[in-house]
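Subject: Structure handover: aromatic pairs and core

Hello,

Here is the structure I promised to pass on. Please look it over first; my notes follow below.

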Amino acid sequence: MGAIIVGHEESVARAARAWAALKAGDIEGAADQAGRWVPLEEGAPAPDVDLCLAQAHIALAEEAYPAALDVSIAVLSALGTGVAQVDDATASALTRSFQRVICEVGNGAAGLAGKHFAAFSTPDACKRASGVFSGLSTRLYLTRPIATEAKAPLVKHFARCAVACDTALLDLCHKRGGFLDRIRKRREAPVEDASGPGLRPLPELAVEGPLREDTWAQLV
């Protein structure tokens, strides 16, 4: 992985303009300011962490979840190894911002973007979402360059999300039951339960403290 730098006023300003464009729904305008994430190659110019964060948000807006995850892991790894030489306050704000991005990656990849419940209509959807969250938890756990304090909350968060999906699966299977159970239920309770099948609160990651985006908001 190549170097990642921070501190260029021009890059911060570009990221701020990209952020403002995204909030206005202008993805292309945001990409014109910050570009799109491209995996780093040896000898390539070092990107700025602010632009990387803006690129992560652009990837989220485009539902390009692998790209959003890739850039997030790249920056968190750089922060964890000291490659990105930033002050403690900036590093903390960046870490919180990328933690939030990775949470959104998980929800989006699991088909739960913008939702507050692990709500599914089929067992396959439950199992797929559980697999997504479990895979993210394992991947982050095994990514050693990321500092433990940065990845531990995410590892636990995605494990909890997987459990919520597995519990929703059990609820859904219990609600549906077997063929004879379904016949009996139709006879005994012809009115369908309005609560809906497979509905479980989706865990949220508590992130306390300022975000890097707060700095951008002061510039636009």
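First, a term: a residue is buried under 20% relative accessible area, exposed over 50% and partly exposed in between (1.4 Å probe, protein chains only). This is a predicted model: local features need pLDDT of at least 70, side-chain atom pairs count only at pLDDT 80 or more, and totals for chains, interfaces and linings use all residues. Residues are numbered from 1 along each chain as its sequence is written, and side-chain values use heavy atoms, with hydrogens and water left out.

Aromatic pairs

Rings of Phe, Tyr and Trp (its six-membered ring) pair if their centres lie within 6.5 Å; planes under 30 degrees apart are stacked, over 60 edge-to-face, the rest tilted. That rule gives two aromatic pairs.

Trp 19 and Trp 216 are edge-to-face, at 5.9 Å centre to centre and 65° between the planes. Trp 19 sits in helix 1 (residues 9-23) and Trp 216 in helix 9 (residues 212-217), 197 residues apart. Helices here are DSSP runs (H or I, at least four residues), numbered from the N terminus. Both Trp 19 and Trp 216 are buried.

Phe 133 and Phe 158 are stacked: 6.0 Å centre to centre, 20° between the planes. Both Phe 133 and Phe 158 are buried.

Core

A nonpolar core is a set of buried Ala, Val, Leu, Ile, Met, Phe, Trp, Tyr and Cys residues joined through side-chain atoms within 4.5 Å. The largest one has 62 residues; Phe 98, Phe 120, Phe 133, Leu 140 and Trp 216 touch the most other members. Helix 7 gives the largest share, eleven residues.

Best wishes

Terms used: Helices (H or I, at least four residues) and strands (E, at least two) are DSSP runs, numbered from the N terminus.
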